[in-house]
Amino acid sequence: MKFIKPTICASLTLAVSMMVHATDSKQWPAKSINLVIGFSAGGPTDTAARILAREMSKDLGQPVVVDNRPGASGTVAEKYFVNQSADGYNLMMLVVPTVFKRIFDKEHLSLNEQIDPVARVYSHHNVLVVNPNYPGMKDVKNTKDLIEFAKNNKHGVSFTSAGSGSIGHLAGQQMAYMAKIDLQHISYKGAAPALNDTLSGHLPMMFGDYTTLLQHIETGKIRAIAVASSERLPKLESTPTLMEQGFEGLTAVPWGGIVVKAGTDEKIKKKIQDSLKKILSDKEVQAKISDAGLLVNFAPANTWKEQINKDFKYWKNVVDANGIRAE
């Protein structure tokens, strides 16, 4: 009786494995796809995810099911996600707060190696606003006025944001660091209560989302003194950016995008990326995402991955320089 040599067995096994793998990627998707979201239903991230899920279902010919797993700035969902198969049937919406969690949580940092970006799908912008009815804020119309006010106030100036460790929180602390002024962050569990106290006059200032604040800016309840993007924003053309006002390199532009488990077939990743690019080019989809308070801002995997790494490095330096802790 003749035996097949081990080297031949190994070659046959590898060939069969490669054939099965190729067939899987070619036939993908052959069943429903799970899209994990790290936040509760009803918020902007969830709304955008559900819009994408509906459109991807049509485009790919298989159901895309949204799976909400809220908690800890998205890390509850992320820890669940990285334990799923790297087969393209498990996707996750990755957002800035989840990435920023790595800055404060060393244990969470290792999860970064288990995630592979596919495409950025949206971004949104932060605006620095003041309540003109707050004592001393009537004449604060730009960051120069704010700096002067802060330096003449021995107790400094309070500001708020969407929460401790949020990009608005970190942008405010970096602005204070660069201007050599005292800005004290007042933390809330979410943007809604922070905005309510800013509008009511309990707090003088807030870094908040452009689309949420715009209606209150237009009514005069709050005044925009800077936008934290690289260029001026529609309907706020008269409000200069932080960079225009001397804060070189300071932008605060949150984003969200779709990721897969590391090790997912490149052909499957390409199919997902192409589907997202096609969907996000549709004017109706853009309008629906805009209604959720977000701006469609597609970027392919390589471009987005570079941005993730750049943003992480920049904001980690901000945290370290300011001794910031997430409460």
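In the predicted model, Ile 279 is buried, because its relative accessibility of 6% falls under the 20% cut-off. This residue belongs to helix H10, which covers residues 266–280. When neighbours within four places in sequence are set aside, Ile 279 is in contact with Leu 52, Glu 55, Met 56, Asp 59 and Val 285. The C-alpha atom of Ile 279 lies 38 Å from that of Phe 159, and 120 residues separate the two along the chain.

The chain as a whole contains twelve helices and eleven strands. Its C-alpha trace spans about 95 × 40 × 30 Å along the principal axes. Of the 327 residues, 47% are buried. The accessible surface amounts to about 16,400 Å², and carbon and sulfur atoms account for 52% of that area. Among contacts between residues at least 6 apart in sequence, 75% join residues at least 24 apart. The chain carries 38 positive and 32 negative charges, and the mean positions of these two sets are 4 Å apart.

The largest nonpolar core has 48 residues. Those that touch the most other members are Leu 128, Leu 146, Met 175, Leu 183, Met 205, Leu 242 and Trp 315. The surroundings of Leu 183 may be described individually: residues up to four places away in sequence not being counted, Leu 183 touches Val 157, Phe 159, Gly 172, Gln 173, Met 175, Ala 176 and Met 205. Apart from this core lies another, of 31 residues, among them Ala 53, Leu 60, Val 64 and Val 121.

Aromatic rings were examined next. A pair of such rings is described by the distance of the centres and the angle of the planes. Four aromatic pairs are found in the whole structure. In one of them, the ring centres of Trp 255 and Trp 304 are 5.5 Å apart and the planes stand at 90°, so the pair is edge-to-face. This pair links distant parts of the chain, since Trp 255 is in strand S10 and Trp 304 is in helix H12 (residues 301–322), 49 residues apart. Both Trp 255 and Trp 304 are buried. The rings of Tyr 314 and Trp 315 also form an edge-to-face pair, because their planes are at 90°, with the centres 4.9 Å apart. Tyr 314 is partly exposed, with a relative accessible area of 28%, whereas Trp 315 is buried, with a value of 3%. Together with Phe 100, Tyr 314 and Trp 315 form one aromatic cluster.

Several features of the backbone were also noted. Most residues other than glycine have a negative phi, and most peptide bonds are trans. The peptide bond from Trp 28 to Pro 29, however, is cis, with omega near -5°. Pro 29 is located in the loop between helix H1 (6–27) and strand S1 (33–37). A positive phi, near 55°, is found for Ala 72, a residue other than glycine. Ala 72 lies in the loop between strand S2 (64–68) and helix H3 (75–81), and a relative accessible area of 40% makes Ala 72 partly exposed. Phi is likewise positive for Lys 235, with a value near 70°. The loop that holds Lys 235 runs between strand S9 (223–227) and strand S10 (255–261). Lys 235 counts as exposed, because its relative accessibility of 60% is over the 50% cut-off.

Technical notes:
Residues are numbered from 1 along each chain as its sequence is written. This is a predicted model: local features need pLDDT of at least 70, side-chain atom pairs count only at pLDDT 80 or more; totals for chains, interfaces and linings use all residues. Side-chain values use heavy atoms; hydrogens and water are left out. Helices (H or I, at least four residues) and strands (E, at least two) are DSSP runs, numbered from the N terminus. Buried means under 20% relative accessible area, exposed over 50%, partly exposed in between (1.4 Å probe, protein chains only). Contact means heavy atoms within 4.5 Å. Accessible areas come from the Shrake-Rupley method with a 1.4 Å probe; for residues, only the protein chains shown count as cover. Lys and Arg count as positive and Asp and Glu as negative; His and the chain ends are not counted. The place of a charge is taken as NZ of Lys, CZ of Arg, CG of Asp or CD of Glu. A nonpolar core is a set of buried Ala, Val, Leu, Ile, Met, Phe, Trp, Tyr and Cys residues joined through side-chain atoms within 4.5 Å. Rings of Phe, Tyr and Trp (its six-membered ring) pair if their centres lie within 6.5 Å; planes under 30 degrees apart count as stacked, over 60 as edge-to-face and the rest as tilted.
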